[in-house]
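Dear colleague,

I am passing on the structure we spoke about, with a short account of what was found in it. Please have the model open beside this message as you read.

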Amino acid sequence: MAGEPIKPKSAGEVDSAKAEARKGGPLPEKPSASEDIAAFVAKARAMSPHRPGAKGRLVFALDATMSRQPTWDMACALQADMFREAASLGSLDIRLVYYRGFNECRATGWISDSAHLARLMSKIDCQGGNTQIGKVLSEARREAVASAVRAVVFVGDAMEESVDDLCAKAGELGLLKVPVFMFQEGHDATAEQAFREIARLTGGAWCKFDPGAAAQLRELLRAAAAYAAGGREALLRLSKTTGGAAALIGQIK
């Protein structure tokens with residue numbers, strides 16, 4: 001009768017059941033690790049943000065350590081260009097992720113208004129500390145599965161972590177088809193090597209801009225927003241008129 005308590009089985013009954021199971025052949029094998037991964041990737045791709053009518057979602061990640069204050073202020077002024085670029089293609093939600101100080105890495109909710117994002121950014125001051133790019137990539141992966149992300153933009157000038165650990169996390173994003181656009185300020189060779197590899201593993205792109213070069217960063221952010229809102233086709237169209245988009249289109253897969 002439905003809802004009645006289930007009577008516990010005696011030891012003899014349990015042994016008998018096991019014997020019957022053996023007669024019926026071997027028990028089903030547990031899925032292998034590779035099968036588990038394949039199932040996970042298939043499920044994530046079924047939620048593809050590139051399906052028609054889907055809203056573009058972009059993770060906008062920034063190094064907010066002490067040396068970054070001038071670039072933080074510049075990015076705050078330029079972030080509205082991303083929304084404006086995406087508006088002609090549909091719409092765009094941005095999730096700001098930043099790290100600073102001692103082991104502090106934070107993320108906002110999804111934001112669809114440039115004025116709101118600017119207000120949040122204006123309240124954040126840069127603080128001394130080491131890079132936490134690994135946490136940025138982990139957050140991007142989580143969001144890629146939970147709410148579908150079309151692209152990740154990272155702006156920074158240094159890398160002080162294990163490059164192998166970062167590459168492992170980047171590879172996970174690559175499986176999920178989430179490209180990471182690594183925009184490097186300055187000429188640090190260690191950062192360049194790591195940023196290039198992260199971009200390659202995710203199917204994204206690496207680009208360098210000169211310190212304090214607002215025009216260069218503006219073009220790169222517009223290009224990333226175009227991709228997040230309209231995919232490769234939108235980036236290809238933009239590449240015919242802007243150098244930033246042209247720099248990305250030749251690298252992304």
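The lining of the largest pocket is made up of Gly 174, Lys 177, Pro 179, Leu 201, Thr 202, Gly 203, Tyr 227, Arg 232, Ile 252 and Lys 253, and the elements that contribute two or more residues to that lining are helix 7 (189-202) and helix 8 (214-239). Please bear in mind that this is a predicted model. The space in this pocket comes to about 160 Å³, and its lining divides by class into four nonpolar, three polar and three charged residues.

Turning to the sheet, six strands form an open arrangement in the order 3-2-1-4-5-6, with mixed pairing. Strand 3 (104-107) and strand 6 (205-209) stand at the edges, where each has a single partner strand, so one side of each is left without a neighbour in the sheet. On average, and ignoring direction, neighbouring strands are turned by 15 degrees against each other. Within the sheet, strand 4 (residues 151-156) runs parallel to strand 5 (residues 180-185) and is joined to it by five bridges; Val 155, for its part, has Phe 183 in strand 5 as its bridge partner.

Finally, helix 3 (residues 69-87) packs with helix 4 (residues 114-122) at an angle of about 170 degrees, their axes being 9 Å apart; since angles over 145 degrees count as roughly antiparallel, helix 3 and helix 4 are therefore described in that way. Among the residues that meet are Trp 72, Cys 76 and Phe 83 in helix 3 and Leu 117 and Met 121 in helix 4, and the contact as a whole has eight nonpolar, three polar and no charged residues.

With best wishes

Note on methods. Residues numbered from 1 in each chain as written. Predicted model: local features only at pLDDT ≥ 70, side-chain atom pairs only at ≥ 80, totals over all residues. Heavy atoms only, no water. 1 Å grid on protein atoms, 1.4 Å probe; cavity = no way out; pocket = protein on both sides within 12 Å on 5 of 7 lines; lining within 4 Å. Points joined across faces, edges and corners; volume = space filled by probe spheres on them. Helix = DSSP H or I, 4+ residues; strand = E, 2+ residues; numbered from the N terminus. Nonpolar A, V, L, I, M, F, W, Y, C, P; charged D, E, K, R; others polar. Pairing = 2+ DSSP bridges. Axes fitted to C-alpha atoms, helices over the stretch in contact; angles between N-to-C directions. Parallel < 35°, antiparallel > 145°, perpendicular 65-115°, else oblique. Contact = heavy atoms within 4.5 Å.
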